[in-house]
Amino acid sequence: MDRPTPYIFDIQRFSIHDGPGIRTVLFTKSCPLKCKWCQNPESQKSKPEVGFYFENCQDCNKCVEICPTNAIDPITKISNYAACIACGACVDICENDARRMIGQKMSEQEIITELLKDIDFYSDSEGGITFSGGEPFIYPEFLGGILKELKKQKIHINIETCGQFDFEKVANILPFIDLIYFDIKHLDSQIHKEYTVIANETILSNFGKLITVFENIQVRIPLIPNVNDDKEHIKAVCDFLLKKGHKLVHLLPYHSMGNSKAIRIDYKAEIFKVKPHTKEELNKIKSQFSEFGINPITYD
Ligand code: SF4
Ligand code: SF4
């Protein structure tokens, strides 16, 4: 059956941070948001891209010679990303693992076979499979086909979402899902748009609809210094969640790992420069969530 399918950019095994137990995490490319602090910038675009690992480059120039669009600078070996058609020729010819393709097409059956390889670990640890991205919910038909098969094996399924999706389509596949990690970034739509490129109305509306039909939602907030960590915003988030009958939030402290990944794909990538919160600052933020009636959980 023909349905839109994502490029897959990673399958991580033995994860213990993406839901209960030991999990395998499948990462799909393409995200409607472009958060300035994104920890997976390689997930944002829907098409494959080539990452350049300059520390491995031995200056042989084979990639420059083979590139059909002359996209690679002969001196720096950096690709002109506007000219790159992601043909993969430079990746194949590089003997030093300095160029890597990010994103590959896999059939639904190939994905299911890969994910089922770890089935013993899921059952031994009460773990399962997590779909992350990118935004997995923008491919509901694809996801539904895979989930239906995985559910035949009674595997626990978690979906990590930014909240920007077509609710009606996602509602059809909720019976195959056990847990949803739902990210909320900012309650002010203007600020949300400034930092993620889209407004937040659909996200907040989807959360409101989801919580009435799906029990097991974990709200996550990436805590970004000077963006969404002030007391006024924390109160607004707490009021919003309490109104929806939700009393728990998972806080994800900011770290700068995304920056080093971003320049592998595009050396002109805008670098988001903020200092991660100190332990004291995080404790203060946590106590503010508690003060406003929400139980905060953080991960170090
Ligand atoms: S083929 Fe690989 S090692 Fe050779 S110049 Fe290109 S990136 Fe560097
Ligand atoms: S993947 Fe891009 S940079 Fe590499 S050979 Fe193809 S067009 Fe050139």
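Predicted model: local features only at pLDDT ≥ 70, side-chain atom pairs only at ≥ 80, totals over all residues.

User: How many helices and strands does the protein chain have?
Analyst: Both kinds of element occur in this chain. The count is 11 helices and 10 strands.

User: What radius of gyration does the protein chain have, beside the globule rule for 300 residues?
Analyst: For 300 residues the globule rule gives 19 Å. The chain comes close to that, so it is as compact as a globular protein of that length. Its radius of gyration is 20 Å.

User: Among contacts between residues at least 6 apart in sequence, what share joins residues at least 24 apart?
Analyst: Two residues count as in contact if their C-beta atoms, placed from the backbone, lie within 7 Å. Of the contacts at least 6 apart in sequence, the share that joins residues at least 24 apart is 72%.

User: Are α9 and α11 parallel or oblique to each other?
Analyst: Helix α9 covers residues 231-243 and helix α11 covers residues 279-291. Their axes come within 9 Å and cross at roughly 40°. Angles under 35 degrees would count as roughly parallel. The two helices are therefore oblique.

User: Which residues of α11 meet α9, and what classes make up the contact?
Analyst: From α9, the partners are Lys231, Ile234 and Cys238. They meet Ile285, Gln288 and Phe289 in α11. By class, the contact has 4 nonpolar, 1 polar and 1 charged residues.

User: Is the crossing of α9 and α11 left-handed or right-handed?
Analyst: The handedness describes how the near helix is turned from the far one, and clockwise counts as right-handed. For α9 and α11 the crossing is right-handed.

Definitions and conventions: Residues numbered from 1 in each chain as written. Chains lettered and ligands numbered in written order. Axes fitted to C-alpha atoms, helices over the stretch in contact; angles between N-to-C directions. Helix = DSSP H or I, 4+ residues; strand = E, 2+ residues; numbered from the N terminus. Parallel < 35°, antiparallel > 145°, perpendicular 65-115°, else oblique. Nonpolar A, V, L, I, M, F, W, Y, C, P; charged D, E, K, R; others polar. Rg over C-alpha atoms; globule rule 2.2 N^0.38 Å.
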